[in-house]
Amino acid sequence: MNIFEELQARGLIAQVTDNEEIKELVNNGGARFYIGFDPTADSLHVGHFMALCLMKRLQLAGNKPVVLVGGGTGYIGDPSGRTDMRSMMTPEIIQHNCDCFKKQMEKFITFGDNAAIMVNNADWLLGLNYIELLREVGACFSVNNMLRAECYKQRMEKGLSFLEFNYMIMQAYDFYHLHKYYNCNMQFGGDDQWSNMLAGTELIRKKTGDDAYAMTITLLMNSEGKKMGKTAKGAVWLDPNKTSPFEFYQYWRNVDDADVMKCIKMLTFIPIEEIFEMEKWEDNRINEKKEILAYELTALVHGNEEADKAKAAAYALFSGNGDSDNMPTTELTETDLQDGTIGIINLLVKCGMTASNGEAKRLIQQGGISVNDETVSELNKTFTKEELISGLKIRKGKKHFHKAIMA
C-alpha cells in the first residue's frame with residue numbers, strides 16, 4: 001500500500017485541492033511540503049500530534065518536510081476556531097516558544113542536510129514594508145471571499161479585529177515565500193485551516209503561474225464531536241514537565257471505547273494490516289486495545305523507557321499494590337499549610353485534581369475521593385505535615401491518581 005492510500009485508510013485525509021496530483025507527488029516522494037506551528041505556548045500538545053505524525057509518515061516515504069514556526073504570525077494570532085482574540089505575546093516569549101518546539105519535534109522528524117528543515121516566518125514577515133505588501137499581495141485578495149471563510153465566521157459575531165483579519169494574508173504569503181525560496185509545492189494543516197491554505201495556493205498561482213497544492217488533516221475529535229486532548233487540568237502537553245508520561249499514558253488508556261480504533265489508526269505507526277486484524281477482535285478485548293494505544297503513543301512521545309514505567313505504574317495501581325513511584329506528583333511547601341495542616345478541598349485543588357472548591361466538595365460528597373485507599377467523606381478532613389512527608393496517594397474516581405508530598 002502506498003503512503004497516500006495508507007493515509008486514506010487511516011482516516012487522516014479530510015480535504016485535498018487536487019487528488020490525483022497530490023497522490024502522485026507523495027507516493028513518489030516528490031512533495032516538498034510544509035506545516036505551520038504558531039508558538040502560542042512553550043510546548044506542543046495533543047492538538048499538534050496529528051501534524052507531527054503526518055510529517056513523520058511522509059518523511060519516511062521519501063518526502064521533504066519544511067517545519068514553519070510562526071515567529072511572525074505569532075504576533076497576530078490565528079482566529080480559526082476562536083470566539084475571542086488571542087492574548088498578545090512579547091517577542092521574547094515568542095522566540096522562547098519557537099526554541100522549545102524544535103526540541104520536541106526532533107523526536108518525530110529528522111532535521112539536517114537533505115532532510116527536514118525548520119524556518120521561522122519572522123525572518124520575512126517582520127521586515128515587510130506595509131505599502132509594498134499592499135501593492136504586491138493586497139490586490140490578489142477579495143475581501144468578499146475572505147469574509148465568507150469559515151475561519152472568520154465565528155469571530156464576526158463578537159467582532160473581528162483588523163489585526164486578525166490579516167492572518168489569512170500572512171499565511172498565504174508564507175506559502176508564496178516558501179514556494180519561491182524553498183521550492184515548497186504543498187501545504188498540510190488541520191481541517192480548520194482550509195480557507196487559509198486555499199488562499200496560499202491561489203496567491204502562488206496569481207503571482208507565479210505555478211501549481212501548488214493543499215491537503216487538510218482530519219481533526220482529532222471524539223465520538224461526541226469534541227476535540228480530543230483536553231482534561232480538567234487543561235491541554236495534554238507533549239512536554240513531560242507539563243503533562244507527565246504517566247498522565248499522558250493514562251489519558252490514552254482512558255479514552256472512550258468508541259474512539260480507541262480511530263486513535264490507533266490515526267496516531268500509531270502500527271502497520272495498517274495489523275490494525276485491520278485488531279478491528280476483528282472481540283469486544284471483550286477493548287482494554288487490550290487501550291493499553292496498546294496508550295503504550296504506543298507514550299513511547300512515541302517520551303520513549304520506550306518512560307512508556308514501560310507508565311505501564312508498570314498503571315498496572316501496579318490498578319492491581320492494588322499501591323506503587324506510586326511514577327505517579328504524577330505535587331510537592332507542597334510550608335506556605336500551602338495552615339497551622340501545620342491542609343484541608344482535603346485545598347489539597348485537591350492544589351494538586352490539580354479538581355478545578356475548583358465546588359467541584360472538590362461535590363466529589364467528596366459523592367464518595368469519589370480516597371486518600372491512601374480510604375474514602376474521604378468529611379469536607380473538613382485535614383492532613384498533617386508528617387502525613388505529607390510520608391506521601392499521600394489521592395484517587396479520584398476509578399482511574400485518576402495523584403501523589404502529594406512535602407518538598
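This is a predicted model: local features need pLDDT of at least 70, side-chain atom pairs count only at pLDDT 80 or more; totals for chains, interfaces and linings use all residues.
Helices here are DSSP runs of H or I with at least four residues, numbered from the N terminus. Tyr 130 has its place in one of them, helix H6.

**Surface patches**
- Tyr 130, Ile 131, Leu 134 and Phe 162 make up a nonpolar patch on the surface, and together they have about 450 Å² of accessible area.
- Helix H6, spanning residues 130-136, gives this patch its largest share, three residues.
- Tyr 130 itself is partly exposed, at a relative accessible area of 48%.
- A patch of negative charge also sits on the surface, where Glu 21, Glu 24, Asp 210 and Asp 211 gather.
- Glu 21 belongs to helix H2 (residues 19-27) and is partly exposed, with a relative accessible area of 37%.

**Salt bridges within reach of a helical turn**
- Lys 206 and Glu 202 join their side chains in a salt bridge of 4.0 Å, N to O.
- Because they are four residues apart in helix H11 (residues 194-208), about one helical turn separates Lys 206 and Glu 202.
- Lys 206 is partly exposed at 43% relative accessibility, and Glu 202 is partly exposed at 30%.
- A network of salt bridges links Glu 202, Arg 205 and Lys 206.

**Other salt bridges**
- Asp 257 pairs with Lys 290 in a salt bridge, with 2.7 Å between the closest N and O atoms.
- Asp 257 lies in the loop between helices H12 and H13 and Lys 290 in helix H15, so the pair ties together parts 33 residues apart in sequence.
- Asp 257 is partly exposed at 48%, whereas Lys 290 is buried at 5%.
- Arg 10 and Glu 6 form a salt bridge of 2.8 Å, N to O, and both residues are buried.

How values were computed
Residues are numbered from 1 along each chain as its sequence is written. Side-chain values use heavy atoms; hydrogens and water are left out. Patches are made of residues with over 30% relative accessible area and no salt bridge: like charges are joined within 9 Å, nonpolar side chains (Val, Leu, Ile, Met, Phe, Trp, Tyr) within 5 Å. Accessible areas come from the Shrake-Rupley method with a 1.4 Å probe; for residues, only the protein chains shown count as cover. Lys and Arg count as positive and Asp and Glu as negative; His and the chain ends are not counted. The place of a charge is taken as NZ of Lys, CZ of Arg, CG of Asp or CD of Glu. Helices (H or I, at least four residues) and strands (E, at least two) are DSSP runs, numbered from the N terminus. Buried means under 20% relative accessible area, exposed over 50%, partly exposed in between (1.4 Å probe, protein chains only).
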